[in-house]
Amino acid sequence: MFTRRSPLVGVYLSAILLALLSLLAMLSNGISQQQQQLTRHADTVETQLTQVLPTLVAYYDTDAIARITNATLSSELTQITLTDQVTAEQGIWSRKDAVAQTDYWFQQLGSVQPIERVIPLHHDGSEVATLTLSFSPDLANQQIYRDFNQLALTLGATIVSLLTVFTLAFNRNKRAIAHVTKTLNSLAEKDFTSSQAKQRSGVKSLDVALDNLSSHIQRMIQSLHKELKTLNNSMMYDTASGLPNRQYFIHQLNSWMSDDEGVPGAVVIANMSWLDTIYRRYGYAARDETWRLLSTSLQSAFSALPNICVARISETEIALILPECSEEQSRNGLHTLISTLNNEVTMAGFETNEGFYVGVVHGHGLPGTQLMSLADNALQRAIKHHEVFVFNRGSEEQVIDRETWRSLLDNALKKKAVRLLSQPVYRLFGDTTDPLHSEVFTQANIEGTWQSGGRLMPYIQLFEKGVEFDRVVVEQLLNLHKIKPITQPLALNLTDDSLENRQFISWLQNLLKSELPAENICFEISEASARNNLTACISFSEAVRQTGATIGIDHFGRYLQEVEYLSVLKPGYVKLDQALSQNQNAQNRVFTETLANIADSQNITVIATGVKDDESKARINADFIDAYQGFIHPPVPITPSEQTA
């Protein structure tokens, strides 16, 4: 409290000190003047009496002496003593007026001193008597006391009035500064809609300047988002159909499918030769209109799958990627595609299952380019053998049915057969020895084999085990913390189910407040989650930030579209999607630079991912990227005891 009021306290103390010094100066000057005035009065009385009394004493005219002395007595001259030198007879005349004494505290500050004069009286050259005059300072002190009180009241009232005006002005300016500070902090976080960002300082010129600044910052950020949107529309979409083009599909393929994470999924390629027939019969206008109708039908058919990508990759081909899906889900997606195509060919006047062929591959732990090649091989087989579709598996593995997967997953979670691995994130410059943080990866023991979290994710989502799975992961982290305290920042990824589960969030908050070091815990939200359920992500980020934990964004730039969610989620860092690192072509560099500029404009650390070796690290543009992560530093078990199954 004192610290916040220290400027005012200094002013108040200075004003009080100035008042005291003024009063003391006035008191000293008043005492000096009154003392001089009393001395002059004593000199005057002395002169008068020494001229009159010697003759009267010599003739022993006591009546005249009494009349003169009584007339001379006053409130200041309180006693006259006359001693005859011959007879030693003494006459005393005194006056006791009711002059009130000043207060003791005032007397201690200073007062007029009494005056006593002893004067020999001479007549005809001989001393006839001794005159003693006693002057009292009470009247002078009373005058000083009245002047002091009057000045103190006047000065006090003036100072109080000035301090009141100053305090009101100071508090007004302080409130204005506080409002400006909150507004600038909100603008620094790119929050243009909150009440803090709209607070008025009360100073018109300052409010106008802040409004102009806010508008300017908004225009700059909107310009960056507009630039990203323009790049996406011009470089990643097919004009005729309105579908993403081949470049965007390859980007999505490299983003979702990786031999590092082992995420299962399917790649589908469909050749639609019936579109060539329409072109030959009716021209390109009819063909393009057919493409637009087909695009609308496909987007409607797969609208329930938010992460699916449907793209036009050639004149007569479309391709689909179904990420994080099981083989059963891939077959369901294939069925949906064939049904949609049959509806379109029927409406165009062709027979069912005529005029198109489909090649499908489902796999995991394979790079996107290999899956694309396998899907194209399946398509060529379908065309060669005149089959509607060919479904291939991209990897040799035992096919496990749905209920068996449910049982295996339940058993692993029940036994908490989960281990945690960490992969460090290092800065490109500055302190490059200590990691910025380490990302935590999860593996579950399925039939004696450690399976990655990405490999299990389709079944975790299918059986709605996300919250249970994340509880086991967090509890495992807590156990590790009890064995060896967490001293370095760790980043965890949670499932979408946990991000929107209030009970889980409440449980997590309690752990972060009481048992886990929240300041060393960061939760990463994927761009897919932020786009699919932004409201839940906002609630989650606000909840964990209250405990002291932080937020990061994973797979930043996966969709190469607007990233306005940054301003509401307020992450400390973003991890660029690995697809932007795998292929360092001019197109990826443009998108990387634009995304990095958007993040940098909000003071967000930018991290490159998918860095596999020193060569790929050397290709990172340090002008835009702050740190890197990848299999150049592979994940390792957090504790040695967990390295065994």
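Two strands pair if DSSP finds at least two bridges between them. The views below are taken from a predicted model.

**View 1. Strands β5 and β8 pair in the antiparallel sense.** Seven bridges link strand β5, residues 265-271, with strand β8, residues 357-363. Within this pair, A270 stands opposite V358 of β8. In general, the strands of a sheet pair through backbone hydrogen bonds, either parallel or antiparallel.

**View 2. Five strands make up an open sheet with mixed pairing.** The strand order is β6-β7-β5-β8-β9. At the edges are β6 (309-312) and β9 (389-393), each of which pairs on one side only. On average, neighbouring strands of this sheet are turned by 15° against each other, direction ignored.

**View 3. Helix α9 lies across strands of the sheet.** The helix covers residues 327-347. The strands that α9 lies across are β5, β7 (317-323), β8 and β9. Relative to β9, helix α9 runs at about 165°.

**View 4. T592 is a buried residue in helix α20.** Helix α20 is made of residues 586-601. T592 has a relative accessible area of 15% and therefore counts as buried, the cut-off being under 20%. A polar atom of the T592 side chain lies 2.7 Å from the backbone oxygen of N588. Leaving aside residues up to four places away in sequence, T592 touches L576, L580 and I625.

Key: Residues are numbered from 1 along each chain as its sequence is written. This is a predicted model: local features need pLDDT of at least 70, side-chain atom pairs count only at pLDDT 80 or more; totals for chains, interfaces and linings use all residues. Side-chain values use heavy atoms; hydrogens and water are left out. Helices (H or I, at least four residues) and strands (E, at least two) are DSSP runs, numbered from the N terminus. Buried means under 20% relative accessible area, exposed over 50%, partly exposed in between (1.4 Å probe, protein chains only). A polar contact is a pair of N or O atoms within 3.5 Å; within protein, one must be able to donate a hydrogen and the other to accept it, and residues adjacent in sequence count only if both atoms are side-chain atoms. Contact means heavy atoms within 4.5 Å. Axes are lines fitted to C-alpha atoms, for helices over the stretch in contact, and angles run from 0 to 180 degrees between N-to-C directions.
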